[in-house]
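Let us go through this model by question and answer.

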Amino acid sequence: MRIAIAGDHNGFALKSLLRSELSASGHEVSDLGSHTAEEVDYPELCVEVCARVRDGRAERGIVLGGSGLGETIACNKLPGIRAGLCHDVWTAEISRGNNDSNVLVLPAKRLTGDQAREIVATWLGTPFKGGKHARRVAQIAALEQGG
Ligand SMILES: O=C(CO)[C@H](O)[C@H](O)COP(=O)(O)O
């Protein structure tokens, strides 16, 4: 899968781990930064990841922050983006199965490498259920036109 990934200073270390492991698993990973642990503002990183998802250069995006809350807000401002903040396997399953999320946001300050790995694997591997959830996703998309 083509995956765009980014993280701010709080997500830098975990992003590096996930990027290496996803690449080793055969995914085509674009690491959009940060490339150091220096403090940065995360909205532009969100824009970069989401731009690739929106135009098809990436099939999915992954963004890491400390809590991930601001990243989730930023990503969901962008048309066509359905970003889910996932703390565990359960939210990862729902984010994909019910919400058809195309961007995964991870709270790096609250996850071990093993937990993050498990969430990412679940999120990448869970199909959208469609049906009533497709209707709701369409209703959410309509909100982009002003509600
Ligand atoms: O998770 C985040 C936003 O949702 C950021 O990582 C966090 O807000 C950055 O804060 P600070 O500069 O104080 O480390």
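Q: How far apart in the helix are Arg 117 and Asp 114, in helical turns?
A: The model is predicted. Arg 117 and Asp 114 both sit in helix α5, three residues apart. An α-helix has 3.6 residues a turn, so residues three or four places apart point the same way. The separation of Arg 117 and Asp 114 is therefore about one helical turn.

Q: What N to O distance joins the side chains of Arg 117 and Asp 114?
A: The two side chains meet in a salt bridge. The cut-off for such a pair is 4 Å. For Arg 117 and Asp 114 the N to O distance is 2.3 Å.

Q: How many residues apart in sequence are the parts tied together by Asp 100 and Arg 82?
A: Asp 100 forms a salt bridge with Arg 82, with the closest N and O atoms 3.4 Å apart. Asp 100 lies in the loop between α4 and β5, and Arg 82 in the loop between α3 and β4. The pair therefore ties together parts whose separation in sequence is 18 residues.

Q: Which residues are linked with Lys 15 in a network of salt bridges?
A: Lys 15 pairs with Asp 31, the closest N and O atoms being 2.9 Å apart. That pair links distant parts of the chain, helix α1 and strand β2, 16 residues apart. Both Lys 15 and Asp 31 are buried. The network links Lys 15 with Arg 19 and Asp 31.

Q: Is Thr 72 buried or exposed?
A: Thr 72 lies in helix α3. Leaving aside neighbours within four places in sequence, Thr 72 is in contact with Ala 83, Leu 85 and Val 105. Buried means under 20% relative accessible area. At 13%, Thr 72 counts as buried.

Q: Which elements are included in what covers the buried residues of α4?
A: Helix α4 spans residues 89-97. Its buried residues are Ala 92, Ser 95, Arg 96 and Gly 97. Their cover includes β3, β4, α5 and α6.

Q: Which residues gather with Arg 136 in a patch of positive charge?
A: Arg 136 is found in helix α6. At 38% relative accessibility, Arg 136 counts as partly exposed. On the surface, Arg 136 gathers with Lys 129, Lys 132 and Arg 135.

Notes:
Residues are numbered from 1 along each chain as its sequence is written. This is a predicted model: local features need pLDDT of at least 70, side-chain atom pairs count only at pLDDT 80 or more; totals for chains, interfaces and linings use all residues. Side-chain values use heavy atoms; hydrogens and water are left out. Patches are made of residues with over 30% relative accessible area and no salt bridge: like charges are joined within 9 Å, nonpolar side chains (Val, Leu, Ile, Met, Phe, Trp, Tyr) within 5 Å. Accessible areas come from the Shrake-Rupley method with a 1.4 Å probe; for residues, only the protein chains shown count as cover. Lys and Arg count as positive and Asp and Glu as negative; His and the chain ends are not counted. The place of a charge is taken as NZ of Lys, CZ of Arg, CG of Asp or CD of Glu. Helices (H or I, at least four residues) and strands (E, at least two) are DSSP runs, numbered from the N terminus. Buried means under 20% relative accessible area, exposed over 50%, partly exposed in between (1.4 Å probe, protein chains only). Contact means heavy atoms within 4.5 Å.
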